[in-house]
Amino acid sequence: MAEVKKIATRDSYGKALASLGAAKDNLVVLDADLAGATKTATFQKVFPQRHFDCGIAEANMICVAAGLSTTGLVPFASSFAMFAAGRAFEQIRNSIGYPHLNVKIGATHGGISVGEDGASHQCCEDFALMRSIPDMIVMSPADDVEARAMVNAAYEHVGPVYMRFGRAAVPVIHKEGFDFQIGKGEVLRDGTDVVIIANGLMVYEAMVAAEELAKDGISAMVINMATIKPLDDDLVLAAAKKCGKVITCEEHSVIGGLGEAVCAVLSEMLPTPVKRIGVNDEFGHSGPAATLLKQFGLSAEHIIEVAKSF
Amino acid sequence: MTNTEKNQLQRTACKIRMGIIEATHGAKAGHPGGSLSAADMFTYLYFKEMNVDPSNPKWEDRDRFVLSKGHTAPGLYAALANRGFFPVEDLPTLRHIDSYLQGHPNMNTVPGVDMSTGSLGQGISVAAGMALGLKHQGKTARVYTLLGDGEIQEGQVWEACMLAVHYKLDNFVVIVDNNGLQIDGAVDKVMSPYPIVDKLTAFGFHAEHIDGHNFDQIEAAMEKAKTVKGKPAAIVMKTVKGKNVSFMENNAGWHGKAPNDVEYEQAMNELKTILARLEG
């Protein structure tokens with residue numbers, strides 16, 4: 001593949017908030033002393049009166065966001081995925097999910113590509129936690145363009161939304177103006193032998209893998225499944241029917257994320273062999289993001305290996 | 001307030017206490033003790049203090065109330081029903097299958113409930129968010145929240161207090177029902193939250209003690225709260241758990257237990273006697 005521009009989706013999140021904030025007066029942003037890292041500082045610079053730092057108190061921040069939403073504001077509450085989905089899980093469940101309040105959670109630093117901070121900050125459980133809450137929308141964009149479109153879609157959607165963004169810069173694969181729809185998967189490459197269903201930074205890896213596999217005569221379909229919940233069941237079923245083999249790829253535990261969501265649909269509707277690529281029920285550790293991703297098998301090379309032995 | 005007005009509030013409080021007994025007896029479960037201790041405050045909020053409209057529960061300029069100690073839903077429901085948000089006759093359907101009167105407050109099923117609560121420590125944060133949102137939008141509506149004295153053992157409560165002071169939420173009143181008892185016993189034996197007023201003051205609140213069964217003191221504290229600028233107000237009210245039902249008073253066993261038929265009769269008779277005296 002040709003060299004492509006790389007942008008971290010957390011940067012996209014901050015830019016999208018600032019841009020959308022200019023058009024929407026009722027958009028407010030909350031952070032928990034991580035505005036520089038989550039990039040909500042980009043919004044804060046332009047709209048300081050609409051940015052509420054809650055200090056290092058994520059549980060409180062989530063409930064404050066819930067309260068703000070009842071007054072007609074549309075809050076985007078931000079922290080690292082570990083502390084938003086993890087620490088504040090029960091607050092999200094009881095004070096946002098159960099009353100079905102219009103709060104958007106923008107979680108950055110998802111997955112092991114957090115890198116050097118190590119396991120305490122590498123959240124590989126957020127999809128699982130958030131998927132378990134009724135009516136919660138759970139999404140993770142593949143690149144900058146999709147991340148920004150996702151923020152706009154989340155604002156327009158009335159109800160709770162969880163979005164996971166990444167710390168590390170990832171290749172931009174979409175063209176500007178890409179039409180993002182919540183709950184719709186995107187076929188990036190057609191194929192007939194195996195379908196690779198990925199999200200987040202694994203989408204680019206899946207594209208690289210598919211190109212390599214083609215050289216060896218394996219025709220791989222690639223689907224970007226940015227919305228994990230509600231899952232695009234129809235697309236999963238159609239792709240599984242066409243290819244007969246499914247590989248799921250995510251920067252998340254193999255427990256409870258995209259892989260299990262795909263397996264759930266297929267096992268009930270169209271039993272199809274599936275290989276799940278993800279973090280295999282273990283904690284990460286410190287190191288450069290690129291090295292960690294390779295070490296944990298979150299790479300095009302590993303996808304190729306799995307596809308060839310499938 | 002005038003004696004006539006006070007008498008009217010006392011009568012209403014008595015009817016709300018009857019509603020609590022009706023609801024928990026009908027449910028064969030629920031939390032009468034902490035509902036009864038806060039009944040006078042529920043009465044004052046919904047019949048004197050708050051600007052609300054039972055015919056338009058979601059009116060955007062209304063004052064808001066968040067029952068952070070959500071388990072005392074029977075008290076909130078009885079107040080809302082008596083205020084005209086829904087029929088008093090529905091109270092005994094509390095906790096029944098398919099009833100809109102869920103065991104803990106549900107803002108999407110119960111008219112007049114401003115926030116779904118039940119998980120302790122969260123309501124005060126949500127209420128602070130409401131106050132912040134209203135203030136941010138230049139609205140004059142006020143936000144009230146009621147917490148249990150056991151509830152303030154939750155660390156999140158103090159996160160919310162920090163935020164309320166930091167953002168100078170002078171449209172926000174935090175009320176602590178200091179009935180002294182929680183499920184496992186006396187609050188100072190289980191995990192002492194004392195001194196409560198000193199803690200709130202140290203956080204930056206205007207905080208004061210009152211007798212939570214004295215309408216003059218409730219009124220004075222609420223009126224004082226309105227004059228406090230640049231910081232939130234806190235009212236720590238000393239109350240009697242199970243107030244006005246003799247066998248429930250000061251008894252932790254009545255935290256989360258419903259009266260049986262015999263106990264129901266006795267409780268209702270005691271309350272009817274009080275009401276007759278007030279009407280006499």
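The structure is a predicted model, in which local features need pLDDT of at least 70 and side-chain atom pairs count only at pLDDT 80 or more, while totals for chains, interfaces and linings use all residues. Residues are numbered from 1 along each chain as its sequence is written, and chains are lettered from A and ligands numbered from 1 in the order in which they are written.

**Domains of chain A**

- Chain A is assigned domain 1 (6–171) and domain 2 (186–308), with bounds that come from an automatic or database domain assignment.
- The centres of domain 1 and domain 2 of chain A, taken over C-alpha atoms, are 25 Å apart.
- Domain 1 of chain A contributes 27 residues to the contact and domain 2 of chain A contributes 29 residues; two residues are in contact if their C-beta atoms, placed from the backbone, lie within 7 Å.
- On the side of domain 1 of chain A that touches domain 2 of chain A, at least two residues each come from helix H7 (126–131), strand E6 (137–139), helix H8 (144–156) and strand E8 (169–171) of chain A. Helices (H or I, at least four residues) and strands (E, at least two) are DSSP runs, numbered from the N terminus.
- That side of domain 1 of chain A comprises 15 nonpolar, 8 polar and 4 charged residues. Nonpolar residues are Ala, Val, Leu, Ile, Met, Phe, Trp, Tyr, Cys and Pro; charged residues are Asp, Glu, Lys and Arg; the others, Gly among them, are polar.

**Strand E11 of chain A**

- In strand E11 (residues 220–224) of chain A, 5 of 5 residues are buried, that is, 20 or more other C-beta atoms lie within 10 Å of their own, with C-beta atoms placed from the backbone.
- In a regular strand the side chains alternate between the two faces of the sheet.
- One face of E11(A) holds A:Ala220, A:Val222 and A:Asn224 and the other A:Met221 and A:Ile223, and all are buried.
- Strand E9 (residues 186–189) of chain A pairs with E11(A) in the antiparallel sense over 3 bridges, where strands pair if DSSP finds at least two bridges between them. A:Glu186 lies opposite A:Asn224 in E11(A).
- Strand E10 (residues 194–198) of chain A runs parallel to E11(A), joined by 5 bridges, and A:Val195 stands opposite A:Met221 in E11(A).

**Contact between chains A and B**

- Chain B and chain A each give 23 residues to their contact.
- Helix H5 (122–136) and helix H6 (155–166) of chain B each supply at least two residues of the side of chain B that touches chain A, and H5(B) provides the largest share, 10 residues.
- This side of chain B has 11 nonpolar, 10 polar and 2 charged residues.

How values were computed
Buried ≥ 20, exposed ≤ 12 C-beta atoms within 10 Å, placed from the backbone.
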